[in-house]
Amino acid sequence: MQILASLLCGLIFGAGLLISGMTDPVKVLGFLDVLGRWDPTLAFVMAGALVVSAAGFAVVRRRPTPVLAAVHLWPPRRNVDRALVAGSMMFGIGWGLVGLCPGPALENLAGFSPRVVVFVLAMIAGTGAHALWRSRASSAPPAGDAALSTSDG
Amino acid sequence: MAAFDPVSALFGGALIGLASALLMLLTGRVAGISGILGGTLLSTAGDRAWRLAFIAGLIAAPLAAGLLGNPLAEAQMPASWAVIVAAGLLVGFGTRLASGCTSGHGICGMARLSRRSIVATMVFMATAVLTVAIVRHSLGG
């Protein structure tokens, strides 16, 4: 059931990206290009997403457990650290270079474009490189689930 | 490029917010795409299935739209292959180092008013704006 629920959520998420135009890197770069012909679309998409998710999370918080699982895995961390800022800067540069962030990149695989496939493979390589680097940096690497429970998203 | 359409932008955004709230309501998980993807490489088999299912749903959305007569337009990425690879590596490594991307920090985290996510979103937005400004407006663009 959890798998079916995830599939459904992925489908709705994907429909949202598609309908809002955010699968199109040209529109995303149009938002990021404040010195050019600015396209405000992304701001409207975020506003719509934030209002609905904030309201939804408020409802979810009143429930003791999720419908299909034992616990809500709300991200526990509150502190701003160097990794958060450095990682966000690296992400911002990559995003600004081609206009794809992880969601739209994966969704665009449906178009079978070689450039998208290469971008996604590089993105997965970067993700893997980070996992390798993390496991080497710490003498006692946390198990997969423990590492993920500290993730924000 | 399609013209700016505030209604479809708001409606599409609302669907993204709905999917994020539903995933937490049903499975207790945060709908952060970089985290969902990263977990498929790291986690145990039992934890991997829901992640792959979410990604499958994401990819199925434009395929379903295609069957309904609205095929996905090919993503326009005029950058060179080297830039595409570099950008992919930066997005993959950076989002894991920051523990989130546009969805995990920009939507789920900001909706919870998480200080970490607000800072992360301001940093990656500002860096991306600066990157586009440099690439488009000072490198012969």
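Predicted model: local features only at pLDDT ≥ 70, side-chain atom pairs only at ≥ 80, totals over all residues.
Q: What hand does the crossing of H6(A) and H4(B) have?
A: H6(A) goes past H4(B) in a right-handed crossing.

Q: Which residues make the contact between H6(A) and H4(B)?
A: On the H6(A) side you'll find, among them, Val118(A), Phe119(A) and Met123(A). From H4(B) come residues including Trp81(B), Leu89(B) and Phe93(B). Sorted by class, this contact has 17 nonpolar, 5 polar and 2 charged residues.

Q: How many residues does each chain bring to the contact between chain A and chain B?
A: Chain A brings 108 and chain B brings 110. Helices H1, H2, H3, H4, H5, H6 and H7 of chain A each give two or more residues to the side that touches chain B. H1(A) has the largest share, with 18 residues. By class, that side of chain A splits into 67 nonpolar, 31 polar and 10 charged.

Q: What makes the pattern of chain A read α-α-α-α-α-α-α?
A: Chain A has 7 helices and 0 strands. Read along the sequence, that gives a row of α symbols.

Q: What does it take for a residue of chain A to count as buried, and what percentage do?
A: A residue is buried if 20 or more other C-beta atoms lie within 10 Å of its own. Of the 153 residues in chain A, 52% pass that test.

Q: How do you know that domain 1 and domain 2 of chain A touch?
A: Contact requires C-beta atoms within 7 Å. By that rule, 10 residues of domain 1 are in contact with 8 residues of domain 2. Domain 1 covers 1–72 and domain 2 covers 79–153, with 18 Å between their centres.

Q: Which helix gives the most to the side of domain 1 that touches domain 2 in chain A?
A: That's H2(A), with 5 residues. H1 and H2 of chain A each supply at least two. The residues on that side of domain 1 divide into 8 nonpolar, 2 polar and no charged.

Terms used:
Residues numbered from 1 in each chain as written. Chains lettered and ligands numbered in written order. Domains from an automatic or database assignment. Contact = placed C-beta atoms within 7 Å. Helix = DSSP H or I, 4+ residues; strand = E, 2+ residues; numbered from the N terminus. Nonpolar A, V, L, I, M, F, W, Y, C, P; charged D, E, K, R; others polar. Left-handed = near helix turned anticlockwise from the far one by under 90°. Buried ≥ 20, exposed ≤ 12 C-beta atoms within 10 Å, placed from the backbone.
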